[in-house]
Amino acid sequence: MFIDQISVFVENKQGALKDILKILADGKIDLRAISIADTSDFGILRMIVPNPDGALELFRSKGVTASKTQVTGCKLSDTPGSLYHVLNTLHDAGISVEYVYAFITRKDEDAYVILRVEDNDAAQKTLLAAGHSLIDPHDLYGI
């Protein structure tokens with residue numbers, strides 16, 4: 001039940017992010033979640049889209065450096081401490097988290113979090129065993 005995330009390298013200059021998002025807009029690809037981390041020279045734009053393979057192909061056809069990574073999605077209560085409990089579950093199992101970003105949905109009262117971990121299989125088994133809910137990729141893409 002992995003989620004495909006698209007990562008795009010974006011030059012850290014005015015208008016670069018806008019240009020990347022225009023490619024998605026022109027390709028009629030909607031965003032479900034987005035995160036960007038930057039350095040002085042470039043940023044890494046991470047996104048969840050309903051058609052990850054189509055977005056990847058579109059970016060590559062425009063000469064944009066992009067890749068697809070499998071991540072884990074966890075559905076949690078939109079209450080204080082919920083993310084802590086998910087991260088603590090992974091920590092107690094010895095699973096390292098590389099990065100995380102979260103978003104809420106219009107569908108329900110829950111929050112969704114995307115986790116990049118060192119071992120998706122182990123993370124998902126651990127989270128399920130601890131009673132956490134995972135996000136089905138089809139549900140996420142359909143938001």
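Helix H1 passes helix H2 in a right-handed crossing. This description concerns a predicted model.

**The pairing of H1 and H2**

The axes of H1 and H2 lie 10 Å apart, and the two helices pack at an angle of about 125°. H1 and H2 are therefore oblique to each other. On the H1 side the contact is formed by Ile-20, Ile-23 and Leu-24, and on the H2 side by Ala-55, Leu-58 and Phe-59. Sorted by class, this contact of H1 with H2 holds six nonpolar residues, no polar ones and no charged ones.

**The pairing of H3 and H4**

Helix H3 (residues 82-92) packs against helix H4 (residues 120-129) at an angle of about 120°, and their axes are 10 Å apart. That angle makes H3 oblique to H4. The crossing of H3 past H4 is right-handed. Val-86, Thr-89 and Leu-90 of H3 meet Ala-123, Thr-126 and Leu-127 of H4.

| Helix pair | Angle | Axis distance |
|---|---|---|
| H1 and H2 | about 125° | 10 Å |
| H3 and H4 | about 120° | 10 Å |

**The nonpolar cores**

The largest nonpolar core has 17 residues, of which Ile-6, Val-8, Ile-20, Met-47, Ala-55 and Phe-59 touch the most other members. Two or more residues of this core come from each of strand S1 (3-11), helix H1 (16-26), strand S3 (42-48) and helix H2 (52-61). Leaving aside residues up to four places away in sequence, Ile-20 touches Val-8, Val-10, Leu-45, Phe-59 and Val-64. Another core, of twelve residues, lies apart from the largest one and includes Phe-103, Tyr-112, Ile-135 and Tyr-141.

Methods. Residues numbered from 1 in each chain as written. Predicted model: local features only at pLDDT ≥ 70, side-chain atom pairs only at ≥ 80, totals over all residues. Heavy atoms only, no water. Axes fitted to C-alpha atoms, helices over the stretch in contact; angles between N-to-C directions. Helix = DSSP H or I, 4+ residues; strand = E, 2+ residues; numbered from the N terminus. Parallel < 35°, antiparallel > 145°, perpendicular 65-115°, else oblique. Left-handed = near helix turned anticlockwise from the far one by under 90°. Contact = heavy atoms within 4.5 Å. Core = buried A, V, L, I, M, F, W, Y, C linked by side-chain atoms within 4.5 Å. Buried < 20%, exposed > 50% of the residue type's maximum accessible area, 1.4 Å probe, protein only. Nonpolar A, V, L, I, M, F, W, Y, C, P; charged D, E, K, R; others polar.
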